[in-house]
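Let's walk through this structure together, one topic at a time. Keep the sequence and the 3D view side by side as you read.

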Amino acid sequence: MHKPPPRWANRFLEWYCANHLVDEIQGDLQEAHFYRQKEHGPTKAGLWFVWDVIRFFRPSSFSKYQINSNQLKMFKDHIKLGFRVFRRNKVYSSINLSGLVLGIACCLLISLHVIGELSYDDFHPENTYRVVMDMYKKNELSARSTPVYPAVGITLKEDLPEVEEFTRILPFGGGVYSVETEDGQLIRFNEDKGVYADQNFFRMFGFELIKGNVDEVLSKPDQIVLSESAAKRYFGENDPIGKNISFRGEQTLLVTGVMQDYPKNSHLQFDMIISLRSYDRFDDWPQNWTWYDFYTYIRVDKQTDITLLSEKLDGFLLEKKKEINERFSSREHLWLQHVPDIHLYSEGMSWDMGENGGSAQVYFLSAIAFLILIIAWVNFINLSTARAVKRSKEVGIRKVVGVEKKQLIIQFLTEAFLYNFFGVVIAIGVVLIAIPFISNAIDLSIDPFLLLSKKILIGILVLIFGGSLLSGLYPAFVLTSFKPVSVLKGSFYSRKTSFGFRQLLVIFQFTVSIILILGTILVVKQLRFMQNQSLGLNVDQTLVLRGPSSSRGDNDLANRQEIFRNQLEQNSEIKAFTTSSNIPGEENFWISGFATNKSEGALLSCYIISVDDDFFEQYEIDLVAGRYMSKDLQTDTASVVLNREAVRLFGFSSAEEAIGESLNPGRRRQWKIVGVVENYHQATLREDLDPMAFFHNSNANNFLSLKLNTDNYPRVISAIEDQWDEIYPDNPFDFFFLDEFFNRQYKSDIQFNAVFVSFAGLAIFVACLGLFGLVSFTVEQARKEIGIRKVLGASVSKIMLLLAKDYAKLIIGAMIIAFPLSFWLMTKWLEDFAYQTTIGVGIFIFGGFFVIIIALLTVSVKSLNVSKTNPAVTLREE
Amino acid sequence: MSKNLGTLEETVLLIVAVLEKDAYGYTVSEEYFKNAGQRISISAVHTVLKRLEKKGYIHSEMGGATKERGGRKKRIFKVTKLGFTTLESLQEARMKLWGMMPKYHTS
């Protein structure tokens with residue numbers, strides 16, 4: 001029984017094949033199929049047939065469509081003409097095109113960045129949320145905490161049926177990890193991306209486990225999952241599964257899994273995950289409502305109404321913590337963050353993991369990109385219309401010959417299309433070239449492969465066609481509305497045209513440019529202000545070592561620290577030396593509630609730092625009242641030093657009043673306030689000052705700060721390293737300079753600064769291109785007028801003034817709009833900063849002059865050219 | 001246009017000559033498989049035939065349709081005079097060369 005070849009393949013063949021070829025091609029293939037079926041069976045013959053059809057799919061088999069449609073011919077004509085017009089006036093055309101290219105390139109670059117930002121955490125299972133809480137003390141919002149209590153996850157799952165699953169992450173897995181190799185070498189690293197997590201971690205998130213069983217890797221105590229790169233760090237090419245790794249010298253963990261390195265667009269970035277059961281004194285803490293260090297994620301049922309669930313969560317803790325809340329006059333509200341929203345919408349959250357919260361910046365950048373694009377199109381409109389004069393004769397003749405208005409409009413739209421099309425193509429090239437430079441210069445991550453993403457491709461199409469229409473319609477109508485008679489006679493415009501559309505466009509362009517310039521000045525000023533502000537402490541020439549965390553026993557680290565301290569004291573190049581639990585510029589996770597006689601029973605949250613007695617003197621933190629702590633006084637283990645902010649928080653009216661009072665009076669653990677020190681900035685000046693309580697503990701050793709006495713850093717560092725390796729062979733030597741470390745906090749501000757400055761520069765540049773176009777337009781009109789004026793005795797400067805006056809009006813108009821608008825925007829922007837520079841009149845004066853000078857320069861380049869021409873030349877032109 | 005013949009072209013031309021009045025895409029490709037022991041696709045055969053026709057070695061006319069072809073007509077190819085003379089001169093040149101071949105003793 002003969003089976004015909006696949007129908008679709010035959011249809012496809014008939015579709016593409018030219019009529020005069022279909023007989024021989026299809027005939028041969030079907031005949032072949034017929035015989036092959038007998039020999040090889042229907043399947044193979046069918047496949048063979050399909051393959052042959054595909055092989056014939058080539059230009060020589062295609063039908064040749066005859067282009068005999070008039071319209072298509074015209075279209076080809078338009079394109080040809082477009083290229084010719086471009087070539088005829090290269091300067092104008094290139095100005096026009098480069099404006100577009102710049103605008104589109106900016107827009108693309110920013111879109112790439114924005115899409116990258118928006119793509120955060122889009123690979124996790126849906127319906128996953130992070131539970132966070134707002135904490136109120138005495139009805140005042142004290143913190144928006146990302147971590148919550150360990151009991152939250154457990155009780156949510158028990159009490160609310162819509163919560164399917166929860167997982168908790170405890171961020172205490174940082175420290176020294178070490179592995180001993182077969183030849184006795186100790187591989188050791190300080191890891192800061194280590195955490196503890198519940199066993200269903202890999203069920204909750206979209207992170208891929210390369211080795212190990214999803215349900216078992218974190219199910220037992222002393223298990224650890226490493227990222228691929230971490231595994232390579234410790235085990236090289238060997239299989240890490242089943243091997244031991246030691247954590248802080250005391251705990252031996254079994255490697256049970258290897259996970260893929262986390263993608264960049266994840267707000268979680270972990271290298272090591274230890275099973276939560278390994279945590280010291282683990283007991284699941286189902287009743288613990290006081291210890292808020294657990295990042296908690298839940299997955300809810302698909303049908304869940306999130307608003308309803310949010311309402312339940314809002315009151316959840318009021319119920320559960322009633323007693324505690326009443327005692328300390330506090331309250332807390334849980335709320336949900338959808339995981340993909342965490343990266344952008346976590347502004348103002350405390351103790352967050354990763355650098356989250358940039359929605360404002362993203363919106364801001366998008367707005368700038370859009371504005372620049374609009375400026376570029378406006379430019380195009382301006383320049384194309386300006387060229388209308390030059391082309392008016394062409395249009396006139398075309399009309400006389402009988403070209404319809406519709407055809408003319410299509411012609412000009414085609415030209416606009418060509419500009420936009422090539423603008424986009426070149427812009428893509430520019431973007432590809434620019435990306436590596438940008439990533440280098442400001443460390444802004446832009447992924448060029450996103451150019452191939454669907455969103456961008458659609459955007460590009462919209463850009464090309466939308467842009468062509470937007471920028472092409474007005475010039476098309478202006479150009480085609482010329483009356484052939486007046487055009488061909490040669491006079492149809494005078495310099496004094498009424499206030500028109502183009503003038504409006506220029507005002508718009510300059511309004512935007514002025515706002516951007518003023519903004520730039522402010523951004524730069526604010527950054528300077530923050531960096532130059534006194535921090536309240538001295539971080540110069542301070543070398544910080546990450547303290548040892550790998551110990552061999554109970555008092556081991558304290559003992560070894562004593563030895564290390566003695567050795568450092570021998571070194572004359574080290575002026576001073578202090579140990580502390582935290583350093584300036586490092587986010588402080590240690591916060592606790594205290595009561596005082598003035599706090600009316602409330603527990604007030606205050607940051608805690610453990611320091612030794614040299615801390616204040618070395619960092620030059622001034623004493624306001626009382627005294628510093630001293631190890632010579634035995635009682636100082638029960639003493640505390642507060643900063644001014646803490647004094648204010650606890651309700652004391654002055655520093656002196658606080659001295660002699662206690663924290664937690666009448667309770668088992670209480671501390672006497674012996675001193676008050678000046679505030680210093682723990683973080684950048686974006687943040688407020690924090691209340692801080694300093695406790696005395698000479699063994700606090702998270703960080704060792706060394707004040708250096710010398711400029712020969714390599715020598716002193718290598719000397720210290722030698723001593724370190726002798727005393728702490730089990731701990732890595734990690735150091736950094738505190739001033740650099742502190743300034744790194746300004747990274748995002750510096751980025752923003754750079755981006756803003758460059759875009760503002762581009763915007764003004766493009767706007768000037770537009771102005772140049774417009775000036776050329778008017779000056780071109782006024783050639784004859786200028787000629788006559790010159791004949792009658794006007795000087796070059798007089799004529800230039802005359803021309804400049806027209807534009808000065810436009811610029812001043814733009815300023816009148818831009819100044820109040822930018823004042824409002826600048827005030828808004830500054831609100832984000834705890835410490836704000838003043839906006840000041842200076843910015844406006846400087847910015848205003850800057851714009852005027854640039855604009856007038858642009859105007860005079862062209863007008864000087866024309867006003868210097870010999871009037872005989874212009875007047876003879878008739 | 002170059003009148004040179006490639007190996008494949010020459011073989012196909014020979015096959016067309018051999019098949020006499022029944023040379024069209026499918027038969028040529030089958031014949032090629034039988035004699036050369038190698039498959040070439042029908043589309044490749046079509047290309048070669050078209051090229052030969054352009055060079056003037058063969059000419060074509062539409063032939064009858066058959067049931068196996070699904071009612072499609074054949075394009076039948078025949079060798080032209082030029083085709084024959086070219087084949088002959090190629091053969092002659094080759095024979096001449098063969099005549100000059102020294103005798104090899106294969107042991």
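A salt bridge is a side-chain nitrogen of Lys or Arg within 4 Å of a carboxyl oxygen of Asp or Glu. One such pair joins the two chains: the side chains of A:Asp23 and B:Arg72 meet in a salt bridge at 3.8 Å, N to O. This is a predicted model, where local features need pLDDT of at least 70 and side-chain atom pairs count only at pLDDT 80 or more, while totals for chains, interfaces and linings use all residues. Residues are numbered from 1 along each chain as its sequence is written, chains are lettered from A and ligands numbered from 1 in the order in which they are written, and side-chain values use heavy atoms, with hydrogens and water left out.

**Where chain A meets chain B**

- Across this interface the rule finds 4 salt bridges.
- There are also 12 residue pairs in polar contact across the interface, both residues at pLDDT 80 or more (a pair of N or O atoms within 3.5 Å; within protein, one must be able to donate a hydrogen and the other to accept it, and residues adjacent in sequence count only if both atoms are side-chain atoms).
- Helix H2 (19-40) and helix H3 (42-56) of chain A are the elements that give two or more residues to the side of chain A that touches chain B (helices are DSSP runs of H or I, at least four residues, and strands are runs of E, at least two, numbered from the N terminus).
- H2(A) gives the largest share of that side, 16 residues.
- That side of chain A divides into 9 nonpolar, 5 polar and 9 charged residues (Ala, Val, Leu, Ile, Met, Phe, Trp, Tyr, Cys and Pro count as nonpolar, Asp, Glu, Lys and Arg as charged, and the others, Gly among them, as polar).
- The contact takes 23 residues from chain A and 19 residues from chain B (contact means heavy atoms within 4.5 Å).

**Salt bridges over all chains**

- The count over all chains comes to 35 salt bridges.
- One of them pairs the side chains of A:Asp134 and A:Arg144 at 3.0 Å, N to O.
- A:Asp134 lies in strand E1 (residues 128-137) of chain A and A:Arg144 in strand E2 (residues 140-145) of chain A, 10 residues apart.
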